[in-house]
Amino acid sequence: MPDIDPHLEKEYDNRGRVPEHPALIARWNHDSQAYRAETQNNGTALFDLAYGPDPRQQLDLFGPDLTGEGTSPLLVFIHGGYWRALDRTPFSHMAQGPNAHGVSVAIPSYRLCPHVSLAELVDDLRQSVRFLYHRFKRPMVIAGHSA
């Protein structure tokens, strides 16, 4: 892997620009754990759906329509983490708002750089969308955080 220009590295270092990031991520984790527990208890979530062979190629699905019978759009939320960190779990709480309005939300994890190239990471996300399309065959909206 080529050396990374330190000036470019600094420009992309969001955590360095947000000194309170540990508290923000801790709150995301807390809120997400609570929403995951709530949706697991009431049967409105499916966890760890594999869309590829790698353990990171999994997604969680939250919402009123987990069967694919509905017609509402499916929101695919791509988690942040500078392409090198985090997974879907700290972002589960992002599904709460859309779910309250009848929109199901899929949150995929993906393989991270530098273990894979950025092109392979993007291909993971394409695979997750193909998986969801074949399962649900309905319109999708793609949104995300940072990445």
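Which residues of strand 3 are buried on one side, and which on the other? Leu74, Val76 and Ile78 lie on one side and Leu75 and Phe77 on the other, and all are buried. Buried here means under 20% relative accessible area, exposed means over 50%, and partly exposed falls in between (1.4 Å probe, protein chains only). Five of the five residues of strand 3 (residues 74-78) are buried, so the strand is largely enclosed by the rest of the structure.

The model is predicted; local features need pLDDT of at least 70, side-chain atom pairs count only at pLDDT 80 or more, and totals for chains, interfaces and linings use all residues. Residues are numbered from 1 along each chain as its sequence is written, and side-chain values use heavy atoms, with hydrogens and water left out.

The protein has five helices and five strands. Helices (H or I, at least four residues) and strands (E, at least two) are DSSP runs, numbered from the N terminus. Along the sequence the pattern is α-α-α-β-β-β-α-β-α-β. The C-alpha atoms fill a box of roughly 50 × 30 × 25 Å along the principal axes. Buried residues make up 35% of the 147 residues. The accessible surface comes to about 8,500 Å², of which 57% belongs to carbon and sulfur atoms. Areas come from the Shrake-Rupley method with a 1.4 Å probe; for residues, only the protein chains shown count as cover. Among contacts (heavy atoms within 4.5 Å) between residues at least 6 apart in sequence, 69% join residues at least 24 apart.

The five strands form an open sheet in the order 1-2-4-3-5, with mixed pairing. The edge strands are strand 1 (45-50) and strand 5 (140-144), each pairing on one side only. Neighbouring strands of this sheet are turned by 20° against each other on average, direction ignored. Axes are lines fitted to C-alpha atoms, for helices over the stretch in contact; angles run from 0 to 180 degrees between N-to-C directions. Two strands pair if DSSP finds at least two bridges between them. Strand 2 (residues 58-62) and strand 4 (residues 104-108) run antiparallel and are joined by four bridges. Asp60 stands opposite Ile107 in strand 4. Strand 3 pairs with strand 4 in the parallel sense over three bridges. Here Leu74 stands opposite Ser104. Strand 3 also runs parallel to strand 5, with five bridges between them. In that pairing, Phe77 faces Ala143.

A search of the whole structure finds four aromatic pairs. Rings of Phe, Tyr and Trp (its six-membered ring) pair if their centres lie within 6.5 Å; planes under 30 degrees apart count as stacked, over 60 as edge-to-face and the rest as tilted. Trp28 and Phe91 form a tilted pair, 5.2 Å centre to centre with 45° between the planes. This pair links distant parts of the chain: Trp28 is in helix 3, Phe91 is in the loop between strand 3 and helix 4 (96-100), and 63 residues separate them. Trp28 and Phe91 are buried. Phe47 and Phe62 form an edge-to-face pair, 5.8 Å centre to centre with 75° between the planes. Phe47 belongs to strand 1 and Phe62 to strand 2, 15 residues apart. Phe62 is buried at 0% relative accessible area, whereas Phe47 is partly exposed at 23%. Ring pairs also link Trp28, Phe77 and Phe91 into a cluster.

Gln33 also lies in helix 3 (residues 21-42). Its relative accessibility is 56%, so Gln33 counts as exposed. Gln33 and Phe91 are 58 residues apart in sequence and 9.4 Å apart in space, C-alpha to C-alpha.

Some backbone features remain. Most residues other than glycine have a negative phi, and most peptide bonds are trans. Cys113 and Pro114 are joined by a cis peptide bond, with omega about 5°. Pro114 sits in the loop between strand 4 and helix 5 (118-136). Asp48, not a glycine, has a positive phi of about 60°. Asp48 is in strand 1 and is partly exposed at 44% relative accessibility. Leu86, also not a glycine, has a positive phi of about 70°. Leu86 lies in the loop between strand 3 and helix 4 and is partly exposed, with a relative accessible area of 24%.
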